Amino acid sequence: MENKLIREGRFGPPKCWKTGAVVSTYPRPLLTLEVDKNGLDVINEPIVELTPEELIMSVKLPRSELPPLSFVDISKLSRNDLPMDLNMPPNAEGWPGFHKVAKTLITSCPYRTVVIDSFTSLQKLLYGYIVSTSPAQLADARKWAFTIGQKVDQVISAFAMLPNTHVVFIFHEDQEKNELTSEINTNPMLYSKLRLYTGGILSQFFYQKMEGGKAVLYTQATGFVKGIGARWPDLMNRPKITPPTFNEIYGKDVK
């Protein structure tokens with residue numbers, strides 16, 4: 001398994017140490033595209049902030065010269081104003097800013113691990129971009145939700161193609177109740193039906209939560225959470241519940 005690359009999706013409620021577990025323990029040098037405001041406050045180690053321009057320079061360096069932890073603060077591209085009207089404020093810069101960073105890494109990525117945190121906030125950037133560039137879609141939720149879902153799918157697919165780099169995608173959770181059957185399902189908080197098949201396009205799809213004051217990771221279906229697991233045979237035999245850190249999940253199987 002040592003030549004295999006992690007393509008992991010991890011979802012769960014807020015404040016259950018999803019970001020901390022991944023950024024603190026996964027292979028380095030590690031780069032986080034931090035879309036959540038102050039999302040890296042949970043990290044206790046030194047972490048270097050890179051502007052998009054500095055990232056372009058960093059990808060030209062050999063892996064040995066990169067700092068252990070780096071991040072690009074995508075959250076700075078969010079709109080924080082409070083308009084009087086009830087409309088979502090347009091944001092013509094947010095999605096293009098993320099896209100510029102993404103294209104830089106897709107073209108050349110020396111980092112051992114790349115983390116995108118989180119897709120909840122990335123969807124807000126996409127929505128603001130629709131407001132700015134395609135407001136006619138807002139008249140029908142099916143149109144803008146489909147557009148955002150397709151673009152998120154493209155982001156996941158593009159990063160999943162990075163050579164020699166592990167990739168982790170972090171999501172928040174969303175619970176839905178079927179009004180006919182009363183069945184409750186917990187899925188990633190994504191627009192469109194993408195939330196129902198995201199786990200199928202990833203090699204690892206895990207659920208994290210707090211139990212007894214500790215963060216735990218579910219590697220198999222549990223309760224309202226279906227469709228989680230791992231495609232690698234060796235991981236399928238791991239415990240159903242495990243600590244959410246790299247060594248406990250992957251052990252020595254990933255070099």
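# Briefing on a predicted protein model

N164 lies in the loop that runs between α5 and β6, where helices (H or I, at least four residues) and strands (E, at least two) are DSSP runs numbered from the N terminus. This is a predicted model, in which local features need pLDDT of at least 70 and side-chain atom pairs count only at pLDDT 80 or more, whereas totals for chains, interfaces and linings use all residues. Residues are numbered from 1 along each chain as its sequence is written, and side-chain values use heavy atoms, with hydrogens and water left out. The protein has eight helices and eleven strands.

**Overall form and surface**

- The radius of gyration, taken over C-alpha atoms, is compared with a globule rule of 2.2 Å times the number of residues to the power 0.38; for 255 residues a compact globule would come near 18 Å, and the protein agrees with this at 18 Å.
- Along the principal axes, the C-alpha atoms fill a box of roughly 55 × 55 × 30 Å.
- Of the 255 residues, 49% are buried, a class that means under 20% relative accessible area, with exposed meaning over 50% and partly exposed in between (1.4 Å probe, protein chains only).
- Among contacts (heavy atoms within 4.5 Å) between residues at least 6 apart in sequence, 68% join residues at least 24 apart.
- There are 29 positive and 26 negative side chains, and the centres of the two sets lie 5 Å apart; Lys and Arg count as positive and Asp and Glu as negative, while His and the chain ends are not counted, and the place of a charge is taken as NZ of Lys, CZ of Arg, CG of Asp or CD of Glu.

**Nonpolar cores**

- A nonpolar core is here a set of buried Ala, Val, Leu, Ile, Met, Phe, Trp, Tyr and Cys residues joined through side-chain atoms within 4.5 Å; the largest has 46 residues, and L33, L105, F119 and F159 touch the most other members.
- The elements that give two or more residues to this core are the strands β2 (30-34), β5 (113-117), β6 (166-177), β8 (204-211) and β9 (214-218), together with the helices α3 (94-107), α4 (119-133) and α5 (141-159).
- Neighbours within four places in sequence aside, L33 is in contact with V72, I74, F98, V101, L105, V115, I116, D117 and F159.

**Helix α1 and its cover**

- Six of the eight residues of α1 are buried, so this helix is largely enclosed by the rest of the structure.
- Those buried residues are K18, T19, G20, A21, V22 and V23, and what covers them includes β1, β2, β4 (69-73), β5, β6 and β8.

**Backbone features in loops**

- The peptide bond from R28 to P29 is cis, with omega near 5°, and P29 has its place in the loop between α1 (18-25) and β2.
- A cis peptide bond also joins D117 and S118, with omega about -5°; S118 is found in the loop between β5 and α4.
- W17 is found in the loop between β1 (7-12) and α1, where its phi is near 70°, a positive value in a residue other than glycine; at 35% relative accessibility, W17 counts as partly exposed.
- N164 has a positive phi of about 60° although it is not a glycine, and at 52% relative accessibility this residue counts as exposed.

- G227 sits in the loop between β9 and β10 and is exposed, with a relative accessible area of 59%; leaving aside neighbours within four places in sequence, G227 is in contact with F205 and A221.
- A230 lies in strand β10 (residues 229-230) and, not counting residues up to four places away in sequence, touches S203, Q204, F206, L235 and M236.
- P239 has its place in the loop between α7 (233-236) and β11 (241-242), and its contacts, neighbours within four places in sequence aside, are with T219 and Q220.
- From C-alpha to C-alpha, P239 and G39 are 29 Å apart in space and 200 residues apart in sequence, while A230 and T32 are 23 Å apart in space and 198 residues apart in sequence.
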